[in-house]
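Q: I would like to learn how to read a structure one feature at a time. Could we go through it together, beginning with a single residue and its surroundings?

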Amino acid sequence: MGHKKVERIDPLTLALPLVGVDSHAHLDGPEFDSDREMVLARARAAGLRQVGNVFLGPEEFAARRSFFDAHPEVFFLLGIHPCEGQRCTPASLAAMRAAFAVEPRLRAVGEIGLDFHWQDCPREIQFRAFAAQLDMARELGKPVVIHCREAEDECLMILESRGFAGYPLLWHCFGGGSATARRILHNGWHISVPGPVTYPANEDLRRAVALIPADRLLLETDCPYLAPVPWRGKRNEPALSVFTARAVAAARHMSPEDLWQSCGDNARRFFNLPDAPAG
């Protein structure tokens, strides 16, 4: 028996009001070199007022920030990913501090944290890179965006022991259950939900999402990764966040429009964003 053909619904047919925010995207990557302008146009048409682009190091930021010169709706995050912790040198930290000093669109330090899924970077190097960037974020007075994969206990222990409870912190790409969500929330942090919340098997994640206070919930794509159903397995892009929003809204028994507005407002507050032009 063959596989049932998936209907790839055009996200623009499910467009939401122009108040949404994709809090975490990687639009500077080569996956978007052929159609970046069209991707940004579709994002706006789908109802995204702002998009956060994550640069994974100071070299990437220097080389690619100009991709978004004509797009004031795109704000920036900058940090060294745990899988590349060996790149977190005194020189790279100095370059990031310098970038934050002169670029007002840089709104947060991230994504930083721990990743024990891959073996690319030894854990001790990850720990040092994480600590150094947490210190930098505190020094700069910037929010932190956390990447954590298969390292929840260690990541939470580091954050709590370093006094980050109550600090502006966003747990990016949340995929855990209710217990992990409660511990994150207990520390006063925010949670960002990606496309896998739409996957049929992720009932635990949908239950956890229902627990998040309305003022601490954000949406993200993490594109080009983790496309939601019905685009699972394809390249993700910001416009597809309308499917994530509808799944989260259903889990929380609210309208997609209200969820979209609330999550967008939360992102604007968390990142202290100037409002992007509506027209």
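A: Let us start with contacts, where contact means heavy atoms within 4.5 Å. Leaving aside its neighbours within four places in sequence, His190 is in contact with Leu169, Leu170, Trp171, Ile184, Asp215, Arg216, Leu218 and Phe270. Keep in mind that this is a predicted model, in which local features need pLDDT of at least 70 and side-chain atom pairs count only at pLDDT 80 or more, while totals for chains, interfaces and linings use all residues. Residues are numbered from 1 along each chain as its sequence is written, and side-chain values use heavy atoms, with hydrogens and water left out.

Q: In which element does His190 have its place, and is His190 buried or exposed?

A: Helices (H or I, at least four residues) and strands (E, at least two) are DSSP runs, numbered from the N terminus, and His190 has its place in strand β7. Buried means under 20% relative accessible area and exposed over 50%, with partly exposed in between (1.4 Å probe, protein chains only). His190 has a relative accessibility of 15%, and therefore counts as buried.

Q: Which residues of helix α6 are buried, and which are exposed on the other side?

A: In α6, which covers residues 178-186, the buried residues are Ala181, Ile184 and Leu185. They cover an arc of only 95° around the axis, which puts them on the same side of α6; the arc is that of the directions from the helix axis to the C-beta atoms. On the other side of α6, the exposed residues are Ala179, Arg182 and His186.

Q: What do the buried residues of α6 pack against, and what follows α6?

A: Their packing partners are α5 (152-161), β6 (169-171), β7 (190-193) and α7 (203-209). After α6 comes Gly188, whose phi is positive, near 85°.

Q: How many salt bridges are there, and which side chain meets that of Arg87?

A: A salt bridge is a side-chain nitrogen of Lys or Arg within 4 Å of a carboxyl oxygen of Asp or Glu, and by this rule the count comes to 17. In one of them the side chain of Arg87 meets that of Glu60 (2.9 Å, N to O). This pair links distant parts of the chain, 27 residues apart, since Arg87 is in the loop between β3 (74-78) and α3 (90-102) and Glu60 is in helix α2 (residues 58-64). Arg87 is partly exposed, with a relative accessible area of 22%, whereas Glu60 is buried at 18%.

Q: Where in the chain do Asp204 and Arg207 lie?

A: Both lie in helix α7, three residues apart, about one turn of the helix, and their side chains meet in a salt bridge (2.3 Å, N to O). Asp204 is partly exposed, with a relative accessible area of 47%, and Arg207 also counts as partly exposed, at 46%.

Q: Which residues are linked in a network of salt bridges?

A: Such a network links Asp35, Arg42, Arg235 and Glu237.

Q: How should I read the largest pocket, and which residues lie nearest its centre?

A: Rolling a probe the size of a water molecule over the atoms shows where empty space is left. On a 1 Å grid over the protein atoms alone, a pocket is an open set of points where a 1.4 Å probe fits, with protein on both sides within 12 Å along at least five of seven lines, and lining residues have an atom within 4 Å of a point. Here the largest pocket is lined by 37 residues, of which His81, His147, Arg149, His172 and Asp222 lie nearest its centre.
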